[in-house]
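Open the model in your viewer and keep the selection panel at hand. The stops below say what to select and what is there.

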Amino acid sequence: MTQANVDPQRCGFRVLELVSTAAALTIVAPFITSAGIRPILTALPQDAELEIYTRWRPDEVAAGVSDPHIFDLVGTRGGTVSLHPIVHAKGYLTGSSALVGSANVTGNGLGWGRPGAVEILVETSPSDPALVALMSVLRATSSTATEADRDAVLAAAAALPAAPLQAVEPVDRTDWLPSYRMPEVLWLVYDGQREKELTDFVQPELRALGVPNGIQSEPAFNAYVGAILRQGFTGRIAQECSNLSTIKAVQRLTELCTARGITIEDPGLLWETLAAWIARFMPGFQRISGGTRLIR
């Protein structure tokens, strides 16, 4: 009989042991469900700080492996949920110890109530250089989830067709930003309605977004793209550069990119491009004053 706290089908026991005395807890996982996180929140001391890093891709939400309703559970505990659309690491970090491995924060991943998937969580130090690097990237390039983000992702998931979609693995940097200036052509390229020359320019944007194949309508496509743009570096920029004058928005955009080591040849043009994408795909944001000032 495998000891309970190292049983590969019940990794949750190790997590509960870790968090039961934690003064602060950070969870990193792409898939987090309400059923998966509740036992952890119950075991976590009431006065402990809590931060979550996850992703809410609409097709994964529709499949039930990811759940934006955790926003409410975490918020009730005074915690924050941050979003990055390509996070794949799994880690549970406190001030003095950490568990890293393969287990997502789901009933099947942690083995709540019954033996789950065969997983592994290995104890390490939160000061391990790889963990420090991971958290540095996530804190610099993730967006802080809001009610509007939760609702937009849920709406995008509900708009997807019932037929299974063909997943497309996102391919780009953690601090990817859109660069094609005319976001209105994305659907036309995705739907095969534009010539190859234009397709060659736009396909890198679609690959970076990881839009699955099989979406059948432009509104569903736009909702999916908007849900992804709300997460990660673009989402952070949208949050921090909206409700500013155009000059201050460009300044803040430059500061954020400089901090990531991104060289911008024309900050004003980049902001104009981002503002066009955000206004088109993210309900709640709109452009005024010549089309380059965003308000929400």
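**A buried glutamate**

Start with E205: this glutamate is buried yet has no salt bridge, and R207, the nearest side chain of opposite charge, is 9.2 Å away. Bear in mind that the model is predicted. What is E205 in contact with, leaving aside its neighbours within four places in sequence? Show W176, P178, S179, Y180 and W277: these are the contacts.

**Along helix α9**

Now widen the selection to the helix that holds E205, which is α9. Select residues 196-209. This helix has 14 residues and reaches 19 Å from first C-alpha to last, close to the 20 Å expected at 1.5 Å a residue. Where does α9 bend? Centre on V202: the bend there is about 40°. A proline, P204, follows within four residues.

Next, colour the buried residues of α9: L198, T199, V202, E205, L206, A208 and L209. Then show what they pack against. The partners are α8 (186-190), α10 (218-229) and α13 (267-281). Step off the end of the helix to G210, which follows α9. Its phi is positive, near 70°.

Go to N243, in the loop between α11 (232-241) and α12 (246-259). Phi of N243 is near 60°, a positive value in a residue other than glycine. Is N243 buried, partly exposed or exposed? Partly exposed, with a relative accessible area of 40%.

**Across the sheet**

Switch to the strands. They form an open sheet of 7 strands, ordered β6-β5-β4-β1-β2-β3-β7, with mixed pairing. At the edges sit β6 (121-124) and β7 (143-144), each pairing on one side only.

Walk through part of the sheet, one pair at a time:

- Select residues 24-28 and 49-54, which are β1 and β2: the two strands pair in the parallel sense over 5 bridges. Look for V28, which stands opposite Y53 in β2.
- Finish with β7: β3 and β7 pair in the antiparallel sense over 2 bridges. Show S82 and its bridge partner in β7, T144.

**Salt bridges**

How many salt bridges does a search of the whole structure find? The search finds 13. Among them, pick R14 and E123, whose side chains meet at 3.8 Å, N to O. The pair links distant parts of the chain: R14 lies in helix α1 (residues 12-19) and E123 in strand β6, 109 residues apart.

Move to D175. This aspartate is buried, with a relative accessible area of 3%. Which residues form salt bridges with D175? One is R173, with the closest N and O atoms 2.7 Å apart. Another is R260, where the closest N and O atoms are 3.2 Å apart. D175 and R260 link distant parts of the chain, 85 residues apart. D175 is in the loop between α7 (147-159) and α8, and R260 is in the loop between α12 and α13. R260 counts as partly exposed, at 23% relative accessibility.

For the last stop, select R236, E240, R252 and E255 together. Salt bridges that share partners join these four residues into one network.

Conventions. Residues numbered from 1 in each chain as written. Predicted model: local features only at pLDDT ≥ 70, side-chain atom pairs only at ≥ 80, totals over all residues. Heavy atoms only, no water. Pairing = 2+ DSSP bridges. Buried < 20%, exposed > 50% of the residue type's maximum accessible area, 1.4 Å probe, protein only. Expected span 1.5 Å × (residues − 1). Bend = angle between axes of the 7 residues up to and from the residue. Contact = heavy atoms within 4.5 Å. Lys, Arg positive; Asp, Glu negative; His and termini not counted.
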